[in-house]
Amino acid sequence: MSEKNREGKRTARERMMQERAAEEARSRRNRKLVVGGVVVAVIAAAVVTGVVVQNERSKPETPVAAPQGAIGDKSLVLPAGPANAPSVLTVYEDPRCPACGTFERTFSPTIDQLQDQGKLYSNVHVVSFIDRSLGGNGSKYGANALACAQDAGHFRDYHDVLYRNQPDETDDSFGDKQTLIALSKQVPGLDTPAFEACVNDNKYAGWVSAVQQDFDKSSYKSTPTVLLNGTPIYPKKGDEQISPENLVKWVDEANAGKPLGTTGPNGQSPAPTSTAAESNTPPSP
């Protein structure tokens, strides 16, 4: 490996660490604001009203409609790769999250390759909290468009296209539905009237909200959150820094002696099925 390549990888890792730290700081600020708002509300309202509000917040939200092949409790997770692969990668990410964009641009080729080799099955939780802190609709509309792509059997390819074309965090380009439709033209077979209607009608708005609510109730504080077989691996697995090479090594170590999954074209085979179970359930807060 050349010194230039090593320096480039060091720079990418440093950028991911900086973006991760910024994301965590933003999450802490937002949670403080939320806590502060709740305190003011409790002081201003009667105790009974406060209890009722809290009870309403704790009620689980079940989406009226979920994209085809979504898995897990309430069908909130989008799968990619062979469902019978021996290892499972669980990812929580927001379409507007810059650290998520850096992660995907660095690791998507490796993850796609591991899926195509039958080694890895991905469970993706598409969250959308950045709209709450920065305003706009890019997180929510981007998540809905990914659900529409899942319906069409092109989730993985469209997911990769979105992150390759991710705007700056403060640029709400994904809040423009025509931008999301235009990007679908980079995925052969996705740009159809059905996909455009799904995006324009914000068909899965309720599902997007339910996925975010599920994230809010989890113990995770920032994105990207990445787990391999239930163990956090971003930015480190134990003392080892994540890198494409280490991800391959960790997956191969976990898969030793186990049969590979059934592979198919484009990371979508076997076809996503609603009977498949999410393999890594996040811990309760």
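# A tour of cavities, bridges and rings

Two cavities of 30 Å³ or more turn up in a search of the whole structure. The model is predicted: local features need pLDDT of at least 70, side-chain atom pairs count only at pLDDT 80 or more, and totals for chains, interfaces and linings use all residues. Residues are numbered from 1 along each chain as its sequence is written, and side-chain values use heavy atoms, with hydrogens and water left out.

**Stop 1: the largest cavity**

A cavity here is a set of points, on a 1 Å grid over the protein atoms alone, where a 1.4 Å probe fits but cannot get out. Lining residues have an atom within 4 Å of a point. Grid points are joined across faces, edges and corners, and a volume is the space filled by probe spheres set on the points.

The largest cavity holds about 110 Å³ of space. Select Ile111, Gln115, Ser122, Val124 and His159: of the 15 lining residues, these are the closest to its centre. Now colour by element. Helices (H or I, at least four residues) and strands (E, at least two) are DSSP runs, numbered from the N terminus. Strand 2 (87–93), helix 3 (98–116), strand 3 (120–126) and helix 6 (155–164) each give two or more residues to the lining of the largest cavity. Which element gives the most to this lining? Helix 3 does, with five residues.

Next, colour the lining by class. Ala, Val, Leu, Ile, Met, Phe, Trp, Tyr, Cys and Pro count as nonpolar, Asp, Glu, Lys and Arg as charged, and the others, Gly among them, as polar. The lining of the largest cavity has six nonpolar, four polar and five charged residues.

**Stop 2: the disulfide**

Select Cys148 and Cys198. A disulfide (a pair of cysteine sulfur atoms within 2.5 Å) joins them, S to S 2.0 Å. The search of the whole structure finds one disulfide. Cys148 sits in helix 5 (residues 138–151) and Cys198 in helix 8 (residues 193–200), 50 residues apart, so the pair links distant parts of the chain. Check the torsion about the S-S bond of Cys148 and Cys198: it is about -80°, so the disulfide is left-handed.

Buried means under 20% relative accessible area, exposed over 50%, and partly exposed in between (1.4 Å probe, protein chains only). Both Cys148 and Cys198 are buried.

**Stop 3: salt bridges**

The structure holds 11 salt bridges. Each is a side-chain nitrogen of Lys or Arg within 4 Å of a carboxyl oxygen of Asp or Glu.

Start with Arg156 and Asp116. Their closest N and O atoms are 3.1 Å apart. Arg156 in helix 6 and Asp116 in helix 3 are 40 residues apart, a link between distant parts of the chain. Arg156 is buried, with a relative accessible area of 6%. Asp116 is partly exposed at 35%.

Move to Asp252 and Lys119, which meet in a salt bridge (3.1 Å, N to O). Asp252 lies in helix 10 (residues 244–255) and Lys119 in the loop between helix 3 and strand 3, so the pair ties together parts that are 133 residues apart in sequence. Is Lys119 buried or exposed? Lys119 is buried, at 18% relative accessible area. Asp252 is partly exposed, at 34%.

Then select Glu240 and Lys249, a salt bridge with its closest N and O atoms 2.4 Å apart. Glu240 is partly exposed at 31%, and Lys249 is partly exposed at 30%. Finish with Arg96, Asp131, Lys140 and Asp172, linked in a network of salt bridges.

**Stop 4: aromatic pairs**

The whole structure has six aromatic pairs. Rings of Phe, Tyr and Trp (its six-membered ring) pair if their centres lie within 6.5 Å; planes under 30 degrees apart count as stacked, over 60 as edge-to-face and the rest as tilted.

Select Phe129 and Phe215. The pair is stacked: 5.8 Å centre to centre, 10° between the planes. Phe129 lies in the loop between strand 3 and helix 4 (130–134) and Phe215 in helix 9 (residues 205–217), so the pair ties together parts 86 residues apart in sequence. Phe129 is buried at 5%, and Phe215 is buried at 3%.

Now take Tyr158 and Phe195. Their ring centres are 5.5 Å apart and their planes at 75°, so the pair is edge-to-face. Tyr158 is in helix 6 and Phe195 in helix 8, 37 residues apart in sequence. Tyr158 is buried at 0%, and Phe195 is buried at 2%.

Definitions and conventions. On a 1 Å grid over the protein atoms alone, a cavity is a set of points where a 1.4 Å probe fits but cannot get out, and a pocket is an open set with protein on both sides within 12 Å along at least five of seven lines; lining residues have an atom within 4 Å of a point.
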